[in-house]
Structure formats: C-alpha cells, structure tokens
Amino acid sequence: MDALLIALADPARWRLVSLLAERPRSVGVLAQLAGARQPQTTKHLQTLERADVVISRRTGQRRIYALRSAALRELAATLKGLADTADRSGGPGETYERYGRGIDAERLTAEDPGWADGRSFGFRRSLTGRPERVWRHLTETSLLARWWTPDDLRVSELVFEAVPGGRIVQEYRDAEDTDGSDPVAGRAEGTVGDVRPGERLAYRLSPLLPDGGTAFTAHVDFGLRPAGTGTGTDLEVRYRIADSTVDSADFVAGIEIGFGQSLDKLAAVLAADAHDSGTRTGTDTRTDTDMRTDSDIRNDSDTRSTK
C-alpha cells in the first residue's frame, strides 16, 4: 500500500493512470497525450508497474501498458474503510464535530463576564454495586483516576481529600501521551464541600486557563441512593456554573459531552469490576498500587489520609 500511494502521489503518474483507465496505450502515445518526453514517461510507467498499478507487454516494436484495476480497488476499499471508521455513528469523529459546533455557539454568547452563570446540567446513571462501593469510586484517588476524564484523556495528577474543606487537584493529559512530552491538556483545582458517605458528595472545582486564571467555578453535587433491586445505585449529578469568564467558552462547550463520557466510564468500570470479581468477592479486587496515577507516589500522604 505504501508503494501504491507513493506511485500515485506524483501528478504526472496520476495523469498516466487516468489515460490508461480509458484504454491500454503505448509508451509513445502516452507521452504525447501527457505532454511529456518519452524517457520520462517510461520511468513513470516503470514506477507504476513496480507498484502493481499497471502491467505491460511488448507487441512488435511497441510496449503496451494497461491499468490493473485490482490495485485501485484495494486502495478504494482501504480508503472507504478509513472513512467509515471516522464517520461511524457515535464515534470520536461525531463527538469532535458536536464539540466544535458547541464551541462556535458558546464563543458567540461569551461577550461579558458572568455570561454562563447559573447554567446547569443534570446527569443520571444506574450503576452496578451498592452506594458504599460507588462512593469509593467517587472519593478514592486510585479509583477516581480510572474514570474522571473524558474518553481521550487520562489523569496525570490527582488529589482528592474527601473531607469538608478538603483540597482537590485534577490534571489530565492526552490518553496516548504516555511519556508526558505533550502539553498538559487541562488542570482544575477546587474544594470539597458536603461529605455524607454513601449518600451525597458536593464540591467546587475550577478549570484553569492557560495563564493560570480561573475559567469558571463548577458546583457539582452527587446524590446516591440504592436502586430498586437493592444491588445497584441510582446516581444523580447536578452541575452548576458560576464565576464564568469570557475565556471559558471552550470549557463550557465541553461539559455535557465530557462529563457525560466520564460518568459512562464510571458505569463501565463498576460493571467490569463486578464481572471480574464474579465468584471471588463482591468488592473491588484491584489494589491501590495497581491503579496509581503519575502523581500518586508524590501524593501518598494526601491520599492515604482520606482512606
């Protein structure tokens, strides 16, 4: 495929392919129609032949070239597969387009400070596991790190002191930035408010702008209650914006998509852990060491004080 793409990338060779798609032709005729010298045309045809795009045979004093459609059909199928992957319903490409439309709309609205104040979002999820188990995933850094970012990001630093007035630090990077060479994708800082284990968790969290300023303050309230089956948890989240700045438009545009993806990851993590633990135990089986973030070692004193 690489050789095929290289062969077709040259405009002169692409012209020859177009001419041969009409019918087989000799080198001399191809050179005339392409407006090129015959030696150059011969070299281009040889390159196309090595890439299996054309075939040739000698007839008398002439060499006749013809197009091999199989190579082009293979390329077309590959390109179609790539396009279908990018355009699949509900996939990352669709999410990217939705986010882009949201950014454009919010930037038009964000004319003055406080432009988004009072805006709220509601999220509901039915989760696997009892409230006390879900609570651990909301408050323990090793478990929080597994879900507290959208799909394409990962937590790189995390502090969550699950006591009233406790400190929150969340830093995240691209999920594929394994060596930390890419710039930090985002950072937020905040404070824990209400803490009622297994029932309610409330905190304030402020995403930071590139210059270190605050984009806005999110007031986030998690409510947990046992599901009707007695083995699950109904989770309700209220997310309200305050102190919004003009520069916060891009952040606000991503709340519904990004936070929704994070909660979907939480649901998936809880379901997977319940399935994996199966006959062994009804609680989480992974240790904190197994699920450390990049900064867990530095923050041991913070994290262990909350457990």
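**Sheets, helix packing and aromatic pairs in the predicted model**

In the predicted model, Arg125 has Leu235 of strand 10 as its bridge partner. This pair belongs to the region in which strand 4 and strand 10 (residues 232-242) run antiparallel and are joined by nine bridges. Both strands are part of an open sheet of seven strands, arranged in the order 4-10-9-8-7-6-5 with antiparallel pairing. Strand 4 (120-128) and strand 5 (153-160) form the edges of this sheet, each of them pairing on one side only. On average, and with direction ignored, neighbouring strands of the sheet are turned by 20° against each other. Helix 7 (residues 131-139) packs on the sheet and touches strand 4, strand 5, strand 7 (186-196), strand 8 (200-207), strand 9 (217-226) and strand 10, and the direction of the helix makes about 160° with that of strand 9.

A search of the whole structure for aromatic pairs finds eight. One of these pairs is formed by Phe123 and Phe259 and is tilted, with 5.2 Å from centre to centre and 55° between the planes. The pair links distant parts of the chain, since Phe123 lies in strand 4 and Phe259 in helix 10 (residues 255-277), 136 residues apart. Phe123 and Phe259 are both buried. Ring pairs also connect these two residues with Phe121, Trp148, Phe160, Tyr203, Phe222 and Tyr239 in a cluster.

Another open sheet consists of three strands in the order 1-3-2, again with antiparallel pairing. Its edges are strand 1 (25-26) and strand 2 (54-59), each of which pairs on one side only. Between strand 2 and strand 3 (residues 62-67), the antiparallel pairing extends over six bridges, and Ile55 stands opposite Ala66 of strand 3. Helix 2 (residues 11-22) packs on this sheet, where strand 1, strand 2 and strand 3 are touched by the helix, and its direction makes about 90° with that of strand 3.

Packing between helices was examined for helix 1 (residues 2-9) and helix 5 (residues 69-87), whose axes come within 11 Å and cross at roughly 100°. Because angles of 65 to 115 degrees count as roughly perpendicular, helix 1 is described as roughly perpendicular to helix 5. At this contact, Leu4, Leu5 and Leu8 of helix 1 meet Ala71, Leu72 and Leu75 of helix 5. Classified by residue type, the contact of helix 1 with helix 5 comprises six nonpolar residues, with no polar and no charged ones.

Key. Residues numbered from 1 in each chain as written. Predicted model: local features only at pLDDT ≥ 70, side-chain atom pairs only at ≥ 80, totals over all residues. Heavy atoms only, no water. Pairing = 2+ DSSP bridges. Helix = DSSP H or I, 4+ residues; strand = E, 2+ residues; numbered from the N terminus. Axes fitted to C-alpha atoms, helices over the stretch in contact; angles between N-to-C directions. Contact = heavy atoms within 4.5 Å. Parallel < 35°, antiparallel > 145°, perpendicular 65-115°, else oblique. Nonpolar A, V, L, I, M, F, W, Y, C, P; charged D, E, K, R; others polar. Phe/Tyr/Trp six-rings, centres within 6.5 Å; stacked < 30°, edge-to-face > 60°. Buried < 20%, exposed > 50% of the residue type's maximum accessible area, 1.4 Å probe, protein only.
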